[in-house]
Amino acid sequence: MINRVILIGNVAREPEIRIDVNGNETITFFISVIKKYKNNNTVVYEFLVETTNVNAGKLNKGDLISLEGFLKQSKTRGVFIFAEKISRIMKGVKKEEVKRNVEEDGYIEPPEEDFEDDLPF
């Protein structure tokens, strides 16, 4: 059985950081995913996400992210997503562009940026 979740959406609430008795850091937040249907109906899904990825603590409400993980179940939290990989999508990228890249190539390609090269070679 395959248990894999890949989502692209917005951080719905500020991440909460908890430290257990062993000193392990766990970050929880909600991701909001919008699904539009052909009959102009729109449904918003909100998923609870838990991760040990310390970069998740740097996320802010409203950030567009992609995540990969798997479904877990807990008696206290019910079903939630444990995220192994979280990527913040750079500002200026349209959601449709991201979806197309993920569907075609299986990864998210950041937009090209102009950097001034100060290197001497």
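# Glutamate 50 and its surroundings

Reader: Which residues is glutamate 50 in contact with, leaving aside neighbours within four places in sequence?

Author: Glutamate 50 is in contact with Arg18, Thr26, Ile27, Thr28, Arg77, Phe80, Ile81, Phe82 and Ala83. Contact means heavy atoms within 4.5 Å.

Reader: Before I go on, what sort of model is this?

Author: This is a predicted model, where local features need pLDDT of at least 70 and side-chain atom pairs count only at pLDDT 80 or more, while totals for chains, interfaces and linings use all residues. Residues are numbered from 1 along each chain as its sequence is written, and side-chain values use heavy atoms, with hydrogens and water left out.

Reader: OK. Is glutamate 50 buried or exposed?

Author: Glutamate 50 counts as buried because its relative accessible area is 9%. Buried means under 20% relative accessible area, exposed means over 50%, and partly exposed lies in between, with a 1.4 Å probe and protein chains only.

Reader: What does its side chain make a polar contact with?

Author: The side chain of arginine 18, at 3.5 Å. A polar contact is a pair of N or O atoms within 3.5 Å; within protein, one must be able to donate a hydrogen and the other to accept it, and residues adjacent in sequence count only if both atoms are side-chain atoms.

Reader: And where does glutamate 50 sit?

Author: In strand β4, residues 42-51.

Reader: Which strands pair with β5?

Author: β5 (residues 64-74) pairs with β1 (residues 5-11) in the antiparallel sense over six bridges. Ten bridges join β5 to β6 (residues 78-88), also antiparallel. Two strands pair if DSSP finds at least two bridges between them.

Reader: Which residues stand opposite each other?

Author: Leucine 7 is opposite leucine 67 in β5, and glycine 69 has alanine 83 in β6 as its bridge partner.

Reader: How many residues lie between β5 and β6?

Author: Three, and the two strands form a hairpin.

Reader: New topic. Which residues touch the most other members of the largest nonpolar core?

Author: Phe29, Ile65, Leu67 and Ile86, out of 15 residues in that core. β1, β3 (25-36), β5 and β6 each supply at least two residues of this core, and β3 gives the largest share, four residues. A nonpolar core is a set of buried Ala, Val, Leu, Ile, Met, Phe, Trp, Tyr and Cys residues joined through side-chain atoms within 4.5 Å.

Reader: What is phenylalanine 29 in contact with, leaving aside neighbours within four places in sequence?

Author: Its contacts include Val11, Phe47, Leu59, Ile65 and Ile86.

Reader: And what share of the residues count as buried?

Author: 31% of the 121 residues.
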